[in-house]
Amino acid sequence: MASSTLFPFLSIFSLALLATASAVGFSLELIHRDHPKSPFYNPTLSMSDRVHAEVQRSHARAAALHHTFFSQLRNDKSSTANAKYSTLSPPAPDFTYLIPADSPFPDTLPSDSPFPSPVDSPNIPYLPPAGSPFPTPSPATPNSPIETDIITNSFDYLVSIHLGTPTREVIAIADTGSDLIWVTCKPCEDCYKQDAPLFNPATSSSYANLPCSSKQCNQLPSSQCDHSASASKCIYQYGYGDGSQTIGNLAQETVTFNTTSGSTVGFPRVAFGCSHVANGTFERHSAGLVGLGAGPLSLVSQLGSYIEHRFSYCLVPYDSTNITTSRLSFGSDAIISSHDAETTTIVDLDRETFYTVTLDGIIVGTNNTLGPMERSYMIVDSGTTLTYLDSTVLESLVELLAKTIHLPQVEDSEKLLPLCFDESNAEEDFVYPDITLQLGKATVTLKPYNAFRKINDKMTCLVITSNNDISGDNLSILGNIAQQNFHIGFDLASREISFAPADCTKY
């Protein structure tokens with residue numbers, strides 16, 4: 001019988017299905033961090049405190065996504081396949097803000113950017129703690145893109161996976177903005193405090209370290225090689241924008257899921273990072289991260305033909321009185337069959353990780369078109385709470401909404417949101433207008449709960465804000481409030497995203 005801890009033992013022989021060559025379809029619970037099922041749930045927070053915490057996490061996440069997007073776009077253009085290997089290296093300095101000549105985005109770091117200039121960023125070497133299984137580092141190879149700027153405590157959704165033979169449950173961050181799957185492992189000489197036991201690869205019969213010559217090692221943005229043992233070991237090293245880092249062996253293991261239908265499905269030889277150093281601002285209730293991006297090492301890409309290269313999610317609105325969790329689906333369960341689904345193309349920007357589309361227009365209500373507006377790129381991201389627009393576009397949107405919504409305007413006490421209304425004397429049948437986004441070929445209509453958030457009993461605010469405070473470019477982000485009650489499907493084979501209105505509490 002499974003234990004009640006975060007890492008219960010399950011026998012590998014209990015698998016109802018171990019995926020081999022045939023495609024499968026299955027769904028998992030996707031748990032919002034503020035849901036009662038989440039280990040992060042805090043019932044003492046007021047509505048206002050919860051919303052302001054969401055906004056602060058969202059701003060941190062959005063700033064990190066912007067920086068990573070442009071930094072890795074530059075690195076994808078400039079890196080070479082032959083510069084992959086080095087010995088274990090110290091963390092690289094912050095990325096130089098350089099954009100390819102053919103990029104539509106600016107090639108200099110904005111003066112008000114929250115990110116430091118490269119000349120102000122010291123190259124502080126990482127020194128393994130005493131007893132660490134890793135060798136003392138040697139100087140880093142030039143331009144090694146071993147840092148990602150995702151903020152480690154800015155996530156919104158969690159997913160349960162089971163790792164190894166016999167299996168242990170891992171409560172991990174589900175992240176469409178990154179690729180690598182990693183968990184904290186024994187021995188861990190320098191790890192953040194966490195509630196769950198560390199994964200012990202020595203107790204799993206299906207665990208195997210990957211050599212430096214492996215395909216998966218070559219797919220890391222930067223590979224380090226440990227030659228201290230008889231067989232080489234591929235070492236991954238990821239730094240995060242808040243100073244956190246994870247370092248460990250790139251390995252392969254059987255990954256198993258308990259599905260919402262009650263069945264169990266497993267996949268052998270999935271590459272993941274077995275972290276032996278994990279420190280910084282990681283939160284104690286989670287034990288790793290599941291990358292759902294489009295890069296080669298993400299869970300979605302590795303499952304590949306097993307899931308027909310597709311996944312989807314359906315996010316339950318935050319203020320739902322139903323305690324239903326959201327859904328994360330793969331394979332045949334992720335097919336969008338709704339007659340009113342809208343499909344658009346994922347833009348090819350040499351950025352494998354992010355799901356990027358174009359934002360071509362905005363309509364308020366039925367016929368109030370915002371314009372003229374310049375086409376921009378928009379990342380569809382499940383980990384960012386708010387939706388972010390270019391500051392000029394947001395100003396026009398706020399102005400139009402202020403004219404359309406006949407309620408007194410008030411200021412958010414934390415001054416984090418751009419437009420708020422006092423609903424004290426609102427009519428019973430009052431409703432906020434829909435906001436329609438033209439995302440390439442897809443016309444996506446946001447209902448009031450996708451664009452406005454109640455702060456307290458009397459005040460509601462727009463949860464679409466400016467990217468001006470986080471970046472000086474016109475990259476937009478479609479946040480998860482805007483995605484609620486949509487069944488959103490990602491087809492990596494056809495490079496398409498589909499949006500279908502849905503009641504996600506019944507999904």
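Both Phe 26 and Phe 257 are buried, and in this predicted model the two residues form a stacked aromatic pair, with 5.4 Å from centre to centre and 25° between the planes. Phe 26 belongs to strand E3 (residues 25–32) and Phe 257 to strand E12 (residues 245–258), so the pair ties together parts that are 231 residues apart in sequence. A second pair is formed by Tyr 432 and Phe 452, whose ring centres lie 4.4 Å apart with the planes at 25°; since planes under 30 degrees apart count as stacked, this pair is therefore stacked as well. Tyr 432 is placed in the loop between strand E23 (420–422) and strand E24 (435–439), whereas Phe 452 is in strand E26 (residues 452–454), so that this pair ties together parts that are 20 residues apart in sequence. Because buried means under 20% relative accessible area, Tyr 432 counts as buried at 10% relative accessibility, and Phe 452 likewise counts as buried at 6%.

In total, the structure holds 17 aromatic pairs. Phe 26 and Phe 257 also take part in one aromatic cluster, which they form together with Phe 267, Tyr 306, Phe 311, Tyr 313, Phe 330, Tyr 355 and Phe 490. An aromatic ring is also involved in an arrangement with a charged residue: the charged end of Arg 33 sits over the ring of Phe 40, at 5.0 Å from the centre of that ring.

The largest nonpolar core comprises 102 residues, and the members that touch the most other members are Phe 26, Phe 272, Phe 330, Ile 362, Leu 397 and Phe 499. When neighbours within four places in sequence are left aside, Phe 499 is in contact with Asp 340, Ala 341, Glu 342, Thr 344, Val 380, Leu 439, Ala 442, Val 444, Leu 478, Phe 486, His 487 and Ile 488.

The protein chain averages a pLDDT of 79, and 75% of the residues score at least 70. Over residues 1–17, however, pLDDT stays under 50, and the model has 40 contacts beyond four places in sequence for this stretch. The pLDDT is also below 50 over residues 77–152, a stretch that has 176 contacts in the model beyond near neighbours in sequence. Where pLDDT is low, the predicted coordinates should not be read in detail.

Notes:
Residues numbered from 1 in each chain as written. Predicted model: local features only at pLDDT ≥ 70, side-chain atom pairs only at ≥ 80, totals over all residues. Heavy atoms only, no water. Core = buried A, V, L, I, M, F, W, Y, C linked by side-chain atoms within 4.5 Å. Buried < 20%, exposed > 50% of the residue type's maximum accessible area, 1.4 Å probe, protein only. Contact = heavy atoms within 4.5 Å. Phe/Tyr/Trp six-rings, centres within 6.5 Å; stacked < 30°, edge-to-face > 60°. Helix = DSSP H or I, 4+ residues; strand = E, 2+ residues; numbered from the N terminus. Lys NZ or Arg CZ within 6 Å of the ring centre and 35° of its normal. pLDDT = per-residue confidence, 0-100.
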